[in-house]
Amino acid sequence: MAQSDFAVRADGIGKTYRLGVSNISHSTLAETVLSRVRRGKSPSSGKVKTFDALDDINFEIPAGEALGIVGRNGAGKSTLLKVLTRVTAPTRGRLEFHGRMGSLLEVGTGFHPELTGRENIYLNGALLGMNRAEITRQFDAIVDFSGMEKFLDTPVKRYSSGMYVRLAFSVAAHLETEILAIDEVLAVGDAEFQRRSLEKMRQAASEGRTVLYVSHMLQTVKTLCSSAILLDRGHLVHQGSVDSTLEAYTASFDSHAQWQADPDNRQGWGGVRFSRMWMEDDHVPSGADLRIGFELPTTSKPIGLEEYWVSIHIVDSQGTVIAQCDSRLNGRTYSADRSYTGSTIIKNLWLKPGTYAVDAFVCQHGRILDVWDAAHRFEVMPDTRYTTGATDDAMSAGVVLADFQYEGN
Amino acid sequence: MSVTIIEPPRRLNLPRWTELWRAREVVTRLAQRDIIVRYRQTVLGVAWVVLQPVVAAGVFSLVFGTVAGLSSDGLPYFVFALAGTLAWNLFSGGITRASGSLVANQSLVAKVFFPRLLVPISTIASVLVDFVVGLALAVVLLVVFGINPGWPVLLLPVWVLLVVLLGLGIGTAASAMIVKYRDVGYVLPWAMQILVYASPVAYALSSVPDRLRWVFDINPATWFLEAFRWSLVGTAAPPAWQVFGLVIVSCVVFFAGVVYFQAHEREFADVI
């Protein structure tokens, strides 16, 4: 029966959002009725911009495969996973699963602070799709894995955030569904717990379960998945082995950067968007000050509160955010009624040699005005500030380099 | 192995009953959570459940019985008003708790999949707990005052079921509306407050002037209040057409509420 060998099949999946609906138009019944009366037609038939978060996605995942779903921010990864896990409905197309689908979209969803650890295990387990017998059978394993025996009857509001996450992940990790969808949950907890979590995922894959793993952490995709698909602006642009997909991913950066240079193509609510972003030199020695210049025009449409702030992120080639330089941390906000030419100077950041991207954001309370992915890219040169050289393995571990000193005798 | 097929929502999107049944643990756990959270870390705790209908019925008997001097069909006014209050709280509690439930659980709705219908349905458990406690109090009073409702008491579970269906039907539809239109959530408690005076909760139908009587006769709340009191405190039975009407209206409203809910179910995560 070759026909039923797949676990998930997507035929022409598309998801279209109507942008007007949540932003400009009506959030009260009264407004909707009024506007219908005034315009004599449905409010949605007016000027509504639509946005295809996903379009014409076709793929088939063989049972037992661990599939990585990669792509840049806003490429549609999370939307695809939401459609696959039925959190939201597709606008077009058809999906077929063989087996139960379990999802780990966000650990701890449904945890209630007033409930004890034990009560939350049952509640969370039920929400994730386990029945009572399954939860009862897995209960000890869940508790063991989390290492929370002592706190089972304590309300989780008294847990530290680390304990909370561990318990939540432990419940999710014991889902016994044939298909498991995971969204970057591995980025939680301490290193030891992350390692165990990753191990658990690998185990799930090796037990013959089908795993769908969404991430922009390329390293974990590499270790976890056997094949991958690449999404770009809602389209499936590559499908194949992990290596070939990651290659395609890296290669697509240049075309993406060009496309993103036009503010109209970027994500975010709009109003204020960066017009330019630059660095004096795209090749910097490790540990040197990074000076990132930017230009902000005056607002193009009213943005409500006339103040906003900017946030500039340094992102490594794996997609890990190394540093978030948020202007609020400097006590700096910007005003919408004038333009700015400014810069951010980042000191004392010893980046490892490699390629880095600068992601830039314009934000307001409650909304993001501009998302400029990879607004700029730069290279950190192999010469470091360490006074003596050593073989590469002396700095292969870790995310950044540190200014350290060995002392004593 | 189970096969699931997902397609864009159709206009008429009836619930998948087997799926609802398989996910019944969600109802149990959500209900349990609601009840635990309501009573854990509260000063009054369970006393609050008793206090609420007692104070309401007390104020009603003071205002309508003592101040206005209305008839209570020969019963102690407090008992009469308490019976009405219990039925009313079952109805309005069903509506208000179900209607706010989706928004109160928005992080769940936006992040995990389970049949959404279970969210408003689960709220009925805490309403029933309140009702049962109040009912126990009413039974004590019946014994104290030596009131015997007779065989109609056997029909009480039927009325409870019908009131729950009615309240849940409205509450379920309202919960789906509130996801999109938050103002429905402000209008609803106000409407319930008006309706409590416009329905014979705290006064007998016999106190209503004849020329206004028709307004009360077409109000389904009158139907269940009369039926309820007939079964609990032994007042006159409601006319047969009202009983019949209650059955029809409750079932239709519940079904319509579920259909409305289901028609919007799959867009909740996008708009909530």
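The questions and answers below concern a predicted model.

Student: How many helices and strands are there in chain A?

Tutor: Chain A has 409 residues, of which 36% count as buried. Among its contacts with a separation of 6 or more, 73% join residues 24 or more positions apart. Its secondary structure comes to nine helices and 18 strands.

Student: Why is strand 3 of chain A described as largely enclosed by the rest of the structure?

Tutor: A residue counts as buried if 20 or more other C-beta atoms lie within 10 Å of its own. From strand 3 of chain A, Ala66(A), Gly68(A) and Val70(A) point one way while Leu67(A) and Ile69(A) point the other way, and all are buried. Strand 3, residues 66-70, is therefore largely enclosed because the number of its residues that are buried is five of the five.

Student: Which residues stand opposite Leu67(A) in strand 7 and strand 8 of chain A?

Tutor: Strand 3 of chain A runs parallel to strand 7 (residues 210-214), with four bridges joining them, and strand 3 also pairs in the parallel sense with strand 8 (residues 227-232) of chain A over four bridges. In strand 7 the bridge partner of Leu67(A) is Leu212(A), and in strand 8 the residue opposite Leu67(A) is Ser227(A).

Student: How many residues does each domain of chain A give to the contact between domain 1 and domain 2?

Tutor: The domain assignment of chain A gives domain 1 as 2-100 + 177-249 and domain 2 as 263-383. The side of domain 1 that touches domain 2 divides into two nonpolar, four polar and one charged residue. The contact takes seven residues from domain 1 and six residues from domain 2.

Student: Which element of chain A gives the largest share of the side that touches chain B?

Tutor: The contact between the chains takes 41 residues from chain A and 31 residues from chain B. On the side of chain A, the elements that give two or more residues are helix 2 (29-39), strand 4 (92-98) and helix 4 (117-127). The largest share, six residues, comes from strand 4 of chain A.

Student: What is the bridge partner of Glu96(A) in strand 1 of chain B?

Tutor: Strand 4 of chain A pairs with strand 1 (residues 3-6) of chain B in the antiparallel sense, over four bridges. In strand 1 of chain B, the bridge partner of Glu96(A) is Ile5(B).

How values were computed:
Residues are numbered from 1 along each chain as its sequence is written. Chains are lettered from A and ligands numbered from 1 in the order in which they are written. This is a predicted model: local features need pLDDT of at least 70, side-chain atom pairs count only at pLDDT 80 or more; totals for chains, interfaces and linings use all residues. Two residues are in contact if their C-beta atoms, placed from the backbone, lie within 7 Å. Two strands pair if DSSP finds at least two bridges between them. Domain bounds come from an automatic or database domain assignment. Ala, Val, Leu, Ile, Met, Phe, Trp, Tyr, Cys and Pro count as nonpolar, Asp, Glu, Lys and Arg as charged, and the others, Gly among them, as polar. A residue is buried if 20 or more other C-beta atoms lie within 10 Å of its own, exposed if 12 or fewer, and partly exposed in between; C-beta atoms are placed from the backbone.
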